[in-house]
Amino acid sequence: MIVLFNKPYNVLTKFTDADGRPTLADYIDIPRVYAAGRLDMDSEGLLLLTDSGKLNHALTDPENKAYKTYVVQVEGVPTKAQLKQLENGVELKDGWTLPAKAKRIPYPKWLWPRENPIRVRKNQPTSFIQLKIKEGRNRQVRRMTAAVGLPTLRLIRTHIEDYHLADLKPGEYRVIK
């Protein structure tokens, strides 16, 4: 079984928290499912959960190189050179990233409002890019965009390979047998 979950902003990608912060247990009441991968607390979007250890491994093993697609609201307007840097791979403190697929996209019409709005500076425009990566390093997308001069303001994962958010609203999930 696979659970497609639209993780809201400010929710931990685990089922318990000693500090009482919002977790997956506040949204999903299915016994013995575990997150296949993770999303940071301040990231939103598609999270896959499964009850199969074998499937969990297949979904998260870096050797499988599954594409994960993100819609990223960034500070500034990306240039062709900045997008090309992302596509070629970016040098981070923990080494070079694999090449990515990057393109500027218009404001997503499907995008839901966020409970805590992003910070916006009057003298700095924001724009959206779609970024597809095969890795899953800690805060990788945020570090990549920052490295090319485009700080991330909002990060939403929309796809993991062929799995996608579709019409799931934040906090909703769908079970696939």
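In this predicted model, arginine 114 is buried, with a relative accessible area of 16%. Its salt-bridge partner is glutamate 44, and the N to O distance between the two side chains is 3.9 Å. The pair links distant parts of the chain. Glutamate 44 belongs to strand 3, while arginine 114 lies in the loop between strand 7 (101-105) and strand 8; 70 residues separate them. Glutamate 44 is also buried, at a relative accessible area of 1%. Both values fall under 20%, so both partners count as buried.

Salt bridges that share partners also form one network, made up of Arg38, Asp40, Asp42, Arg139 and Arg142. Within this group, arginine 38 bridges to aspartate 40, with the closest N and O atoms 3.0 Å apart. Arginine 38 is exposed, at 52% relative accessibility. Aspartate 40 is buried, at 11%. A further salt bridge joins aspartate 17 to lysine 14, at 4.0 Å from N to O. Here aspartate 17 is buried, with a relative accessible area of 18%, whereas lysine 14 is partly exposed, at 40%. The count of salt bridges comes to 13. Side chains of opposite charge can pair when their charged atoms come close.

Arg142 is also one of the buried residues of helix 3 (residues 140-147). After helix 3 comes glycine 149, which has a positive phi near 85 degrees.

Strand 9 is itself mostly covered, with eight of its nine residues buried. Strand 9 pairs with strand 3 (residues 44-50) in the parallel sense, over two bridges. In this pairing, glycine 45 stands opposite arginine 157 of strand 9. Strand 4 and strand 9 run antiparallel and are joined by seven bridges. Lysine 68 stands opposite isoleucine 160 of strand 9.

Isoleucine 160 has another bridge partner, tyrosine 163 in strand 10. Strand 10 (residues 163-164) runs antiparallel to strand 9, and two bridges join them. The two strands form a hairpin with two residues between them. In that hairpin, glutamate 161 takes a positive phi near 50 degrees.

Technical notes
Residues are numbered from 1 along each chain as its sequence is written. This is a predicted model: local features need pLDDT of at least 70, side-chain atom pairs count only at pLDDT 80 or more; totals for chains, interfaces and linings use all residues. Side-chain values use heavy atoms; hydrogens and water are left out. Buried means under 20% relative accessible area, exposed over 50%, partly exposed in between (1.4 Å probe, protein chains only). Helices (H or I, at least four residues) and strands (E, at least two) are DSSP runs, numbered from the N terminus. Two strands pair if DSSP finds at least two bridges between them.
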